[in-house]
Amino acid sequence: MYPSEFMAETKHGAASAAESRRVAEEAREAEWKAPSFLKQIFLGNLRLDLIHPYPEPPPERPEFREFMGRLERFLVDEVDPDAIDREGKIPPGVVQRLAELGAFGMKIPKEYGGLGFTQREYGEAMKLITSRDANLVVLLSAHQSIGVPQPLKTFGTPEQKKKYLPRLAKGEISAFALTEPQVGSDPSSLATTAVRTPEGDYVLSGEKLWCTNGTVASLFVVMARHPDTKKISAFIVEKAFPGVEIATRCHFMGLKAIENGVIRLHDVRVPKENLLWGEGKGLKLALITLNTGRLTLPASCAVVGKRCVEIARTWAAERVQWGEPVGRHDAIAQLLAEMAATTFAMEAVTDLASAMADMGDRDIRLEAAVAKMWNSEEGWKLVDRTMQIRGGRGYETADSLRSRGEPPIPVERMMRDFRINLIFEGSSEIMRLFIAREAVDRHLAVAGAFADPKAPRAKRWAALPRMAAHYGWWYPSRWAGWGRWPRFSDFGPLAGEVRWVDRATRRLARTLFHLMLVHGPKLEKRQALLFRAVDIGADLFAMSATLSRAAALRRGGVPEAGRAAELARVFCRTIRRRIGEHFRAIRSNDDVAKYATAMRVLDGEHVWLERGMAPLVVEETGAEAPRAARR
Ligand SMILES: Cc1cc2nc3c(=O)[nH]c(=O)nc-3n(C[C@H](O)[C@H](O)[C@H](O)COP(=O)(O)OP(=O)(O)OC[C@H]3O[C@@H](n4cnc5c(N)ncnc54)[C@H](O)[C@@H]3O)c2cc1C
């Protein structure tokens, strides 16, 4: 395996697949200047010192507490989530009040008129907002987790910051525009162009899809490609610039009130002062912005988990069927225990990642990606289980429940609003690809040239001494570490779980190495195998965060410490089984056979299965769309 071939192949021509990989590799931050807990996990080192002791939240600043009080009163008194969902619109008065509260400037430094919150404080505020309405979170997050303020803060010139940050802090809404009709997860075919004028300005042309806040924003970060160099740059574009057209508002399964739209740029002249960071650095900027930008989403997911536990607990205790509350029937009880344990873990993961971002002395790009992927996937299961436990009432809308005189518990809306979390801000698959690339990075650096069949023979042989020096020490030490008693005894009754994590970490590193030996460069095509290794790494991170959080509560003598330890233990036991299954499936699986079947499905050889249905799409003229199934 070698870096240039890591990202996925497409069937549509080697050139475009190679181009996708080249663009991804170019945008990748190749250097690891600060230590990374997860990177070390994949190398077989449990660097607990990077996450343990679990970072205590700093004492709450009085001004932050005061803000949270005002925010909560506003959410309770002035936000009607059912009406927002029903009408598909956040009332302008609510947006205005958010601006007055300073919510559009939470992450903007005080010197520019913002509230200057830390990542953790911002996360706390977003959690509180999530507990009331997901549309508001998406509005604020698209604005300041990925919209103009974040890249401007990190990469803007002093002049750019002075010009735009105060406007953004006051409540001007911003948006992030990367996606295009042909550009989803893969930015390599970005078609929006940025042509340099003789004066050094740029003329932007193209169409952006699904731009959240796009229909109400006055400022955009737009990604566009220079036709001469083919590189991608990021620009601040004002809606007021001639040629910016807000074409359509898009509507979705959930998040009914987000202002998401198609933006067209018709020869929009953008002054050179609005280029962010530098020509050709747009994708790197987007990736770095997302390192912390994507931490909002897992924080929101953790709160959805808490809400699910609350709903499931209450209903399972209250609803009596077959002579007992449903929560006392074993099948539902099992769900409840896992839901509570997972929620404790989700909060441990997100708070840890946010605290690490604030520390600033460690590299959190893998932790942020895992937090996003892991919390969104676990959160989705929690929502699904909550719906199961609520039974028919879970599927019924809040308005309908209310009209029948029952409490309007919006599980149906939660489910609709939640699902997108596994798709946007880096889909689960793209997160796994990104993590897998970094998981094998050290091996690529040491042995990449040797395994690269396209590398010149001399270069391949020259890699041998380096490999011998590295693996001669590294590999035996992945077997020899001590992961048994009395190590980690400061974790008290949970020390055994930490020892298990330590042993599994070394096993994961050995497994990755074996996979590379067996599959060589072809491993990049075996996503199912690689993704199992990624999932083991993600689960080990979640276990470590959970155990460290439980230990911190015990150390702090908080009254719930014993209960927290109980949840941590249930969580670890469940995840240990899951990790065991992943290891087993890496050794023995049907991946190759399934891939072959999938190719036959793609080639239409199983279209026979689709017979007997009315057409999926009926064209507007009333004519039936062509039906492959009738072939
Ligand atoms: C409600 C909503 C809000 C959005 N907001 C914004 C926004 O503000 N700004 C913006 O720029 N974009 C936004 N997007 C776009 C969003 O980021 C994309 O939907 C996302 O990047 C995925 O792209 P896609 O939907 O085109 O899926 P595709 O890239 O077409 O992928 C389809 C499926 O294939 C998988 N896949 C793709 N490549 C691979 C691979 N190499 N290996 C394995 N699996 C793969 C994907 O994970 C996915 O499951 C938004 C989308 C929605 C629905």
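Contact here means heavy atoms within 4.5 Å. The views show a predicted model in which local features need pLDDT of at least 70 and side-chain atom pairs count only at pLDDT 80 or more, while totals for chains, interfaces and linings use all residues. Residues are numbered from 1 along each chain as its sequence is written, and side-chain values use heavy atoms, with hydrogens and water left out.

Figure 1. Glutamine 160 sits in helix H9, residues 158-170; helices (H or I, at least four residues) and strands (E, at least two) are DSSP runs, numbered from the N terminus. Not counting residues up to four places away in sequence, glutamine 160 touches Leu152, Phe155, Leu165, Glu273, Asn274, Leu275 and Leu276. With a relative accessibility of 4%, glutamine 160 counts as buried. Buried means under 20% relative accessible area, exposed means over 50%, and partly exposed lies in between (1.4 Å probe, protein chains only).

**Figure 2. The whole protein chain.** The protein chain contains 23 helices and 10 strands. Its radius of gyration is 25 Å, close to the 25 Å that the globule rule gives for 631 residues, so the chain is as compact as a globular protein of that length. The radius is taken over C-alpha atoms, and the globule rule is 2.2 Å times the number of residues to the power 0.38. Along the principal axes, the C-alpha trace spans about 70 × 65 × 65 Å. Of the 631 residues, 53% are buried. Among contacts with a separation of 6 or more, 74% join residues 24 or more positions apart. The chain exposes about 28400 Å², and carbon and sulfur atoms supply 57% of that area; accessible areas come from the Shrake-Rupley method with a 1.4 Å probe, and for residues only the protein chains shown count as cover. The mean positions of the 93 positive and 79 negative charges are 6 Å apart. Lys and Arg count as positive and Asp and Glu as negative, whereas His and the chain ends are not counted. Each charge is placed at NZ of Lys, CZ of Arg, CG of Asp or CD of Glu.

**Figure 3. Helix H18 and its cover.** Helix H18 runs over residues 441-451, and its buried residues are Asp441, His443, Leu444, Val446, Ala447, Gly448 and Ala449. The cover over these buried residues includes helix H2 (37-42), helix H17 (428-439), helix H19 (457-480) and helix H20 (495-519). Alanine 449 lies in H18 and is buried, with a relative accessible area of 18%. Not counting residues up to four places away in sequence, alanine 449 touches Leu444, Ala455, Lys459, Arg460, Ala463 and Arg466.

Figure 4. Tryptophan 32 is found in the loop between helix H1 (14-27) and H2. Leaving aside neighbours within four places in sequence, tryptophan 32 is in contact with Lys39, Asp363, Arg365, Leu366, Glu438 and Asp441. One of these residues, aspartate 363, is 331 residues from tryptophan 32 along the chain, yet their C-alpha atoms are separated by 7.2 Å. Another of the contacts, Asp441, is among the buried residues of H18.

**Figure 5. Cysteine 301 and cysteine 308.** The structure holds 0 disulfides, a disulfide being a pair of cysteine sulfur atoms within 2.5 Å. The closest cysteine sulfur to that of cysteine 301 belongs to cysteine 308 and is 10 Å away, too far for a bond. Cysteine 308 is likewise in no disulfide, and its nearest cysteine sulfur is that of cysteine 301. Cysteine 301 is buried, with a relative accessible area of 1%. Cysteine 308 is buried, also with a relative accessible area of 1%.

Figure 6. The peptide bond from histidine 52 to proline 53 is cis, with omega near 0°. Proline 53 is placed in the loop between H2 and helix H3 (62-78). Tryptophan 277 is not a glycine but has a positive phi of about 70°. Tryptophan 277 belongs to the loop between strand E8 (275-276) and helix H10 (282-293), and is partly exposed at a relative accessible area of 34%. Tryptophan 322, not a glycine either, has a positive phi of about 55°. Tryptophan 322 is exposed, with a relative accessible area of 81%.
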